[in-house]
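User: Could you walk me through this structure? I'd like to look at some of its side chains and how they meet.

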Amino acid sequence: MKLKLFSLVASVALVSNLALADENSGILLGIDAGWFHTKVKSDLDHTKNNKKFNGDLEGNVPVFGLRVGYRFSENHRIYGAYNYSSEFSDVINTTRLKIDGEFTTHKFLLGYDFTPKIFEKTRAVLGVYGGYARTDLTLKTSFLSLSQDFDGYTYGAKIGALYELNQANEIEFGFKAEQTHYNTRNFYQSKVGSNFYDPKQTNYGLYLGYTYKF
């Protein structure tokens, strides 16, 4: 009798644990948007005149993202993401002319979030992520336009909070900071040639996201 009672209790505990695991783990889909301040630092070397200029660019950009991931538990999740930064432009001043620099960026990321509970239905979000970045840079003057694709690696961190609307839906908001390192590319057309040396891009700003949990 005692053995049967013990077996029954053990079975109930096991079923309860499995149900809890099903509730707290699973696939997630998400979208997010942000408004970031971005700065690109680089030197622009004009090969025709053998001169080097400050090629820094700076501006504010909207950023949009899609995420798919998996929750291991209430506190841990991983995800893959695609982020798109729409065009921003700034002016590079040289001794003879002004150059408009325009950026458009695509990023493919892997990330991890730690999401401990701080209040009922509210969790903190502490995350890190990194991956591959591809940016199209166009340099324009009054007489020509030169474009080049840059490849690089990116990494970042975020801090924020998420609010559980119900068991399947949650919203997230917070702050992100990230950095991207690109390789050197040569711009060349006819008799004009320039090198954009090792551009380094820094982004930081606020974001808002929505997640659906299966």
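**A chat about the side chains**

Analyst: Let's start with Lys121, which is partly exposed at a relative accessible area of 37%. Buried means under 20% relative accessible area, exposed means over 50%, and partly exposed is what falls in between, with a 1.4 Å probe and protein chains only. One caution: this is a predicted model, so local features need pLDDT of at least 70 and side-chain atom pairs count only at pLDDT 80 or more, while totals for chains, interfaces and linings use all residues. Residues are numbered from 1 along each chain as its sequence is written, and side-chain values use heavy atoms, with hydrogens and water left out.

User: Thanks! Where is Lys121 found? And what is its phi?

Analyst: Lys121 is in the loop between β6 (117-119) and β7 (122-140). Strands here are DSSP runs of E with at least two residues, helices are runs of H or I with at least four, and both are numbered from the N terminus. The phi of Lys121 is positive, about 70 degrees, although this residue is not a glycine. In general, most residues other than glycine have a negative phi.

User: Good to know. Switching to aromatics: how many aromatic pairs are there?

Analyst: The count is six aromatic pairs. One of them is Tyr82 with Phe108, a tilted pair with 5.4 Å from centre to centre and 45 degrees between the planes. Tyr82 sits in strand β4 (residues 76-93) and Phe108 in strand β5 (residues 98-114), so this pair ties together parts that are 26 residues apart in sequence.

User: What's the rule for pairing?

Analyst: Rings of Phe, Tyr and Trp (its six-membered ring) pair if their centres lie within 6.5 Å; planes under 30 degrees apart count as stacked, over 60 as edge-to-face, and the rest as tilted.

User: Which residues do ring pairs link into a cluster?

Analyst: Tyr82, Phe108 and Tyr132 are linked that way.

User: Nice. Which rings does Lys176 lie over?

Analyst: Lys176 lies over the face of Tyr129, 5.7 Å from the ring centre, and over the face of Tyr207, 4.8 Å from the ring centre. The rule here is that NZ of Lys or CZ of Arg is within 6 Å of the ring centre and within 35 degrees of the ring normal.

User: OK, charges next. How many salt bridges do you count?

Analyst: There are 11 salt bridges, each being a side-chain nitrogen of Lys or Arg within 4 Å of a carboxyl oxygen of Asp or Glu. One of them joins Arg67 and Asp32, at 3.0 Å from N to O. Arg67 is in strand β3 (residues 57-71) and Asp32 in strand β1 (residues 26-46), and the two are 35 residues apart. Both Arg67 and Asp32 are buried.

User: What does Arg77 meet in a salt bridge?

Analyst: The partner of Arg77 is Glu170, at 2.9 Å from N to O. This pair links distant parts of the chain, 93 residues apart, with Arg77 in strand β4 and Glu170 in strand β9 (residues 169-182). Arg77 is buried, with a relative accessible area of 4%, and Glu170 is buried at 4% as well.

User: And Arg134, which residue does it form a salt bridge with?

Analyst: That one is Asp151, with the closest N and O atoms 2.9 Å apart. Arg134 is in strand β7 and Asp151 in strand β8 (residues 145-164), 17 residues apart. Arg134 is partly exposed at 32%, and Asp151 is partly exposed at 21%. Elsewhere, salt bridges that share partners join Arg77, Asp113, Lys158, Glu170, Glu172 and Lys213 into one network.

User: Last one: what does Gln179 touch?

Analyst: Gln179 is in strand β9, and a polar contact of 3.3 Å joins its side chain to that of Thr202. A polar contact is a pair of N or O atoms within 3.5 Å; within protein, one must be able to donate a hydrogen and the other to accept it, and residues adjacent in sequence count only if both atoms are side-chain atoms. Leaving aside neighbours within four places in sequence, Gln179 is in contact with residues including Tyr153, Tyr155 and Lys200, where contact means heavy atoms within 4.5 Å.
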